[in-house]
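Hi,

Here is the structure I promised to pass on to you.

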Amino acid sequence: MPRLDYQTAGESHGPGLLATVTGLPAGVVLDEGLINTELSRRQGGYGRGGRQRIETDTVEFLTGVRRGKSIGSPLTMFIKNKDSRLDDLQKTPPVYRPRPGHADLAGSIKWLTTDCRETLERASARETAARVAAGAVARCLLREFGVEVFGFVRQIGVHATALQVTPENWREMLAARDASDTYCPDAPVTERQCAVIRQAKIDKDTVGGIVEAHAFGCPPGVGSSMDWRDKLDARLAYAVMGIQAFKAVEIGLGRDCAALPGSQVHDPIFFDRARQMGPTLGFVRTRNNAGGTEGGMTNGQPVVVRGTMKPIATLLQGLPSVDLNTKEAQQSQYERSDICAVSAASVVMENAVAFEIARAFSDKFGGDSVVEMGTNYDTFLKLARSLPLDPPEMTIA
Ligand code: EPS
């Protein structure tokens, strides 16, 4: 059985996008409704551009599925682009004036062309639709183990919500998020965020922000401290940093750890016998500064990831740039784009985080089918609850 993994293919204005998920065990119930809901949420959020009025992203399963369940073979999904015009020189002309902040300049030099379109078509955040589809499939697997992932917008521009998400209140937060135009579960903050986006549109400018994802229901021990490549926090950072326009990733308290003493950073451990049968195995904390990971492994607390997205690089006013053919100073080229895509990015990060957790879950509990994986999961929890397996060692003073 190969490791759970995924790849995407497709250009922004090509015929469509593909996501291929490999290593998915057989028997996962593929909830097409969930996948399409996530795709449609990714298209939304206040401040999006004209493209989202053209597209209605939905997934078509091409391989790996029978009667609504995975069969263990590579699973391929197709998302059709209605705005498909890649070979039409009139409709998709060359781009010679690179946008500062975009892949345009570095990519055109790398691939030895002065036409930035060759790079931008793949660098475009349109590709994140395929990533959301793959992540939503991973969530179908995680659901079998009671793991749920919740993502939202923490901040747009300088307007941040101070609301704290907990295992007790997250469903309420989800309802508030779904009622918000910016996917921020705080109504007064949503209004201020919308105002900033409106002003940016008037100013022909763009805005960035911070998004957050919480994963609930992971037992301790998912991920590994044995190899840095298998550390769950490292995998999460890799996946989140790989999202278009992300410039920073934090787990739990993140960079705020630096200014505090250890006594205020590390989360004290308690044991609550009443919660022993839950995924925490009864090990509880009074706070979650660690963001649910210690030593690159889950510790039974919610996994908390934050990502910072820079403002979109395509500005209606343009930015100082250079014509790659003449080397003369020119404003950067305008391509249809968004004023703010932070809301969409929250959906992308939420699903990218889900995929990494599902991968670490498969590494730990393995199996060719969900049934086998479930048995491994149950056996592990049973063994962990019955610790110590051997009588404790006696120390002689
Ligand atoms: C996007 C589609 C793109 C942009 C945006 C995200 O559509 P188009 O370029 O056809 O208008 O709206 O892409 C970028 C921000 C970018 O840098 O390319 C989407 O589907 O999310």
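Let's begin with a term: a salt bridge is a side-chain nitrogen of Lys or Arg within 4 Å of a carboxyl oxygen of Asp or Glu. With that rule, searching the whole structure turns up 30 salt bridges.

Before the details, some housekeeping. This is a predicted model, where local features need pLDDT of at least 70 and side-chain atom pairs count only at pLDDT 80 or more, while totals for chains, interfaces and linings use all residues. Residues are numbered from 1 along each chain as its sequence is written, and side-chain values use heavy atoms, with hydrogens and water left out.

**Salt bridges**

Start with E38 and R41, whose closest N and O atoms are 3.3 Å apart. Both sit in helix α1 (residues 32-43), three residues apart, which is about one turn of the helix.

Next, E55 and R51 meet through their side chains at 2.8 Å, N to O. E55 is buried at 4%, and R51 is buried at 8%.

Then there is D267 with R287, where the closest N and O atoms are 3.6 Å apart. This pair links distant parts of the chain: D267 is in the loop between α9 (262-265) and β11 (269-271), and R287 is in the loop between β12 (283-285) and β13 (293-294), 20 residues apart. D267 counts as buried, at 4% relative accessibility, whereas R287 counts as partly exposed, at 29%. Salt bridges that share partners also join R42, R51, E55, D57, D83, R85, R126 and R336 into one network.

**Aromatic rings**

Rings of Phe, Tyr and Trp (its six-membered ring) pair if their centres lie within 6.5 Å; planes under 30 degrees apart count as stacked, over 60 as edge-to-face and the rest as tilted. That gives 11 aromatic pairs. Take F145 and F361: their ring centres are 5.4 Å apart and their planes are at 55°, so the pair is tilted. F145 lies in the loop between α5 (128-143) and β7 (148-156), and F361 in helix α10 (residues 342-365), so the pair ties together parts that are 216 residues apart in sequence. F145 is buried at 8%, and F361 is buried at 0%. Both belong to one aromatic cluster, along with F365, Y377 and F380.

K364 lies over the face of F380, 3.9 Å from the ring centre. R41 has its charged end over the ring of Y183, 5.6 Å from the centre.

**Strands**

Two strands pair if DSSP finds at least two bridges between them. Strand β2 (residues 16-22) and strand β6 (residues 75-80) pair in the antiparallel sense over six bridges, with G16 opposite K80. Strand β3 (residues 60-63) also pairs with β6 in the antiparallel sense, over three bridges; here T63 has T76 as its bridge partner.

Cheers

Technical notes
Helix = DSSP H or I, 4+ residues; strand = E, 2+ residues; numbered from the N terminus. Buried < 20%, exposed > 50% of the residue type's maximum accessible area, 1.4 Å probe, protein only. Lys NZ or Arg CZ within 6 Å of the ring centre and 35° of its normal.
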